[in-house]
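Here is a short briefing to read alongside the model. Take a look at the chains first, then follow the topics below.

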Amino acid sequence: MIRQIQYHKPINRSIAPAIQSIDKINFIAPEKIILQNGVCLFWKSGIQNQTSKIELHFEAGSSIDDPLTAGLCAGLLINGSSTKNAKQIQKALDSVGSYYDVSLNQDTAVVTIYALNNQLLKAYRIFHEHLFDAIFPQKEIDNLVQERKQKFKLQEQKVSFLAQRLFQQKLMDQSSYGRLIEFEDYKRANRDKIRAYHSQYFLNGLHKVFLIGDIKQIELNDLIGLLNAYKQSTLQRENFTWKAQKGVQHLVKKDAVQSALRIGRPLFNKTHPDFIAFSILNTILGDYFGSRLMSNIREDKGFTYGIGSHILENRQFGYLVIGSEVGINNREATISEIQIEFKRLQNQLVGKEELDLVKNFLLGQLLKSADGPYAMLDLYANVEVHDLDLNFYEKYIAEIKSIKPEKLRELAIEYLNWQDMLIISAG
Amino acid sequence: MIINFEQFTLGNGLRVIFHKEPSTPMAVVNVLYDVGARDENENKTGFAHLFEHLMFGGSINIGDFDSPLQEAGGQSNAFTSNDITNYYNILPAHNIDTALWLESDRMLSLAFTPKSLEVQRQVVIEEFKQRYLNQPYGDAWLQLRPLAYRKHPYRWATIGKKIQHIKDASMDDVRTFFKKYYHPANAILCIVGNFELETIKQKVDYYFGDIPAQKKSTRKIAKEPKQKKFRSKRIIRNVPTDAFYYAFAMGSRLDPQYYLADLLSDHIGNEKTGILYSELKIKKKLVNEIGAYITGSIDNGLLIITGKLNPRINFEHLDGALWDVLEKYTSRPITQPALKELKLKMQTAKAFQDQGLLNRAMNLSYFELLSKANMINEESTNYMRIQALDLHHFAKGILRKNNCSLLQIQAKR
């Protein structure tokens with residue numbers, strides 16, 4: 001029974017309006033089309049406006065082979081073919097009003113094309129033609145290397161970049177995930193390697209396609225015909241094993257007025273049975289504006305503009321990382337306050353009021369994440385990548401609703417031990 | 001896509017816009033206050049932004065802004081620009097009352113606790129360091145603004161001229177600021193969601209109707225005199241590469257030339273296809289990166305050409321070549337196909353922008369402040385009717401040396 005709000009004046013402002021919690025969220029899977037080459041195309045239609053987008057996921061991420069070659073290849077995919085140079089290809093994409101983007105994570109390279117729905121097939125055709133005919137002109141390689149070198153020099157001036165790199169190297173030590181590009185690496189940029197990478201991991205490495213937009217059936221058929229030109233990725237990766245380092249390390253950067261912090265440990269991704277419960281604990285700790293870390297370190301002490309705790313995932317594993325930038329003089333105090341917050345979660349049960357708030361907050365955020373076709377497709381992709389389905393979110397809702405403070409304390413005792421943490425600071 | 005909306009005004013002067021979106025289970029409650037850094041006293045800068053932080057520190061009847069909203073499944077944030085302060089809440093539609101209750105209480109009055117002021121001063125000082133001092137080129141705009149503006153308060157950034165101004169903010173300043181700018185007639189409320197107009201009217205009247213009316217203060221801002229001479233400044237910083245910022249004076253947001261400036265900056269500044277990129281990066285190899293954009297402020301704005309030099313290239317090389325390129329560019333009009341492309345890209349971008357509920361709410365509020373909310377539906381036409389010759393004349397008028405302020409940031413060697 002829901003209490004109706006009575007709008008009797010004068011208003012008593014000290015009483016909060018009644019709120020309703022969320023019981024059900026409609027999760028709608030996209031249409032799944034299996035192409036002749038085995039690749040799955042996920043299509044979401046019924047958009048009610050003219051926008052459309054195609055995302056191609058290639059198993060060509062930075063941890064798969066050589067990170068330098070992966071980065072350069074992804075950046076140069078449509079920078080020259082036997083018929084057009086980089087500028088002419090971009091011109092062609094402009095002529096249909098489309099936007100092109102490529103991003104690279106540890107597992108995947110994702111090419112995204114945005115366009116109005118009556119232009120998307122044309123835009124994709126342009127991309128397709130020049131991707132398959134890519135010649136990677138040496139001067140384009142030199143140009144990109146020069147660009148990346150300067151960006152690297154720029155990044156090196158940022159304490160957040162320095163801390164993040166060191167954190168990743170130490171946490172993912174002795175694995176291809178912890179192998180990062182060094183400045184000197186740019187010397188060994190090699191056209192043959194880039195060409196081989198393009199063939200092996202792009203033309204023969206298509207993993208999945210996500211399509212969104214109201215596209216005519218005949219255009220969809222054409223698109224499918226084009227996508228069949230790729231070979232599906234058959235990449236088999238070695239099982240990842242943790243050899244993470246622990247302990248404290250500080251990197252000095254002269255003249256810095258703030259220090260960047262990265263504190264974390266190996267964890268797991270959505271496939272682990274503790275994932276959902278731990279993500280509730282993580283929210284309480286540091287993943288929303290009212291979190292313990294924000295309340296203590298920003299809103300009570302004023303040490304920082306922001307502090308957050310996140311579970312980052314890839315296909316094989318996940319890890320916990322707490323990040324912040326704090327005044328140099330408050331670095332030690334901040335680290336010890338984070339430690340205090342860990343201990344509180346291990347020693348005291350989370351109170352009902354706080355837990356109820358976090359439960360409602362998480363459900364509200366999930367409702368928002370499922371709102372609209374674009375958000376819904378992303379939500380779907382986030383579980384599909386782990387071979388899970390939308391049932392994951394039903395479990396998520398059920399677990400949020402039923403979680404007990406005792407379970408959260410158990411998880412804190414198991415996963416939030418200070419001696420297990422890698423503690424990096426730079427600045 | 002046409003965005004339909006309804007409008008009404010409460011007795012106390014609060015302007016309300018309601019945009020019905022039947023497809024969403026969420027609601028957006030956006031409150032725009034007509035106050036920004038341009039309204040600050042030049043000896044107390046950074047205040048509008050500091051004040052935005054204080055708006056989350058509890059209001060007259062409610063101890064904390066965020067907790068009740070989070071409990072209702074929602075989230076909130078805000079931003080301050082040189083022109084406006086905008087607060088937004090996104091929450092499940094069935095709990096919209098919570099957002100209206102919170103926003104109306106902080107419009108009525110703040111709690112004004114000394115602790116909140118003390119902590120937020122510290123937080124903003126850390127923000128100042130994180131974004132402006134501890135980043136390479138972070139202080140570029142702190143330097144460029146006073147060069148490009150001589151009289152107008154755009155000569156300081158929203159974060160403020162210096163940390164000391166934030167340190168000096170007193171409780172009296174806070175109270176005075178609130179009284180002057182935080183009242184119904186100085187605000188625009190926009191609601192997006194699957195509601196009936198009558199329901200919205202009832203709710204808004206209930207929560208906001210009894211907030212006392214106050215007269216909107218008239219703005220007395222020094223007009224920026226027309227620039228007559230080229231200005232330049234060079235500073236040395238601990239940065240990896242030399243960087244340059246050419247700032248050309250342009251008109252206000254309501255000047256019809258705004259749309260010309262926007263298209264022009266896209267045309268010359270686009271990566272790969274723009275003339276700056278192809279001439280100065282690809283052909284002459286002077287720069288590592290280069291681009292162009294406009295600031296889009298309500299009062300007179302700036303068209304910026306910015307980039308970073310390649311190693312062993314000096315500012316003089318670039319400067320000569322850049323003015324040559326601009327002269328070449330302004331010597332002939334854009335071709336018809338190129339203009340068509342620019343417009344089509346603009347349409348695509350606009351379609352994607354209009355898709356987001358929050359974007360719609362913010363834009364409706366912002367356009368209402370500028371002149372009328374329906375500008376949201378007229379923007380496309382304003383771009384589509386641009387002719388090649390309009391753009392040509394405009395480019396010739398604006399891309400002149402005596403209309404330009406140049407900041408150069410030289411790397412310490």
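Domain bounds here come from an automatic or database domain assignment. By that assignment, chain A holds domain 1 (31-227) and domain 2 (247-426). This is a predicted model, in which local features need pLDDT of at least 70 and side-chain atom pairs count only at pLDDT 80 or more, while totals for chains, interfaces and linings use all residues. Residues are numbered from 1 along each chain as its sequence is written, and chains are lettered from A and ligands numbered from 1 in the order in which they are written.

**Confidence**

- The predictor assigns the complex an ipTM of 0.93 and a pTM of 0.95.
- For chain B the average pLDDT (the predictor's confidence in each residue, from 0 to 100) is 96, and 100% of the residues score at least 70.

**Where chain A meets chain B**

- The contact (residues whose C-beta atoms, placed from the backbone, lie within 7 Å) draws 60 residues from chain A and 56 residues from chain B.
- On the chain A side, the elements that each give two or more residues are α2 (86-95), β5 (109-116), α4 (138-155), α9 (292-300), β9 (304-313), β10 (318-327) and α11 (352-369). Helices (H or I, at least four residues) and strands (E, at least two) are DSSP runs, numbered from the N terminus.
- The element that gives the most to this side of chain A is α11(A), with 7 residues.
- Sorted by class, this side of chain A has 25 nonpolar, 21 polar and 14 charged residues. Ala, Val, Leu, Ile, Met, Phe, Trp, Tyr, Cys and Pro count as nonpolar, Asp, Glu, Lys and Arg as charged, and the others, Gly among them, as polar.

**The two domains of chain A**

- Taken over C-alpha atoms, the centres of domain 1 and domain 2 of chain A are separated by 30 Å.
- Their contact takes 17 residues from domain 1 of chain A and 26 residues from domain 2 of chain A.
- On the domain 1 side, β2 (40-44), α5 (159-171) and β6 (206-212) of chain A each supply at least two residues.
- With 9 residues, α5(A) gives the most to that side of domain 1.
- The residues on that side of domain 1 divide into 10 nonpolar, 4 polar and 3 charged.

**Local backbone features of chain A**

- Strand β1 (residues 31-34) of chain A pairs with β2(A) in the antiparallel sense over 4 bridges; two strands pair if DSSP finds at least two bridges between them.
- Within this pairing, A:Lys32 has A:Phe42 of β2(A) as its bridge partner.
- The hairpin of β1(A) and β2(A) has 5 residues between the strands, and A:Gly38 there takes a positive phi near 95 degrees.
- Most residues other than glycine have a negative phi, and most peptide bonds are trans.
- A:Phe136 has a positive phi near 50 degrees, though it is not a glycine; A:Phe136 sits in the loop between α3 (120-132) and α4 of chain A.
- The peptide bond from A:Lys9 to A:Pro10 is cis, with omega near -5 degrees, and A:Pro10 lies in the segment before β1 of chain A.

**Helix packing in chain B**

- Helix α1 (residues 47-54) and helix α7 (residues 171-181) of chain B have axes that come within 11 Å and cross at roughly 90 degrees. This makes α1(B) roughly perpendicular to α7(B), a label that covers 65 to 115 degrees.
- Axes are lines fitted to C-alpha atoms, for helices over the stretch in contact, and angles run from 0 to 180 degrees between N-to-C directions.
- B:Phe47, B:Phe51 and B:Leu54 of α1(B) make the contact with B:Asp173, B:Val174 and B:Phe177 of α7(B).
- The residues of this contact divide into 5 nonpolar, no polar and 1 charged.

**Strands in chain B**

- An open sheet of 5 strands runs in the order β7-β11-β8-β10-β9 (chain B), with mixed pairing.
- At the edges stand β7 (231-237) and β9 (287-294) of chain B, each with a single partner strand, so one side of each is left without a neighbour in the sheet.
- β9(B) pairs with strand β10 (residues 302-309) of chain B in the antiparallel sense over 7 bridges, and B:Glu289 stands opposite B:Lys308 in β10(B).
- Helix α10 (residues 275-283) of chain B lies across β9 and β10 of chain B, running at about 160 degrees to β9(B).

Methods: Two residues are in contact if their C-beta atoms, placed from the backbone, lie within 7 Å. Angles under 35 degrees count as roughly parallel, over 145 as roughly antiparallel, 65 to 115 as roughly perpendicular and the rest as oblique.
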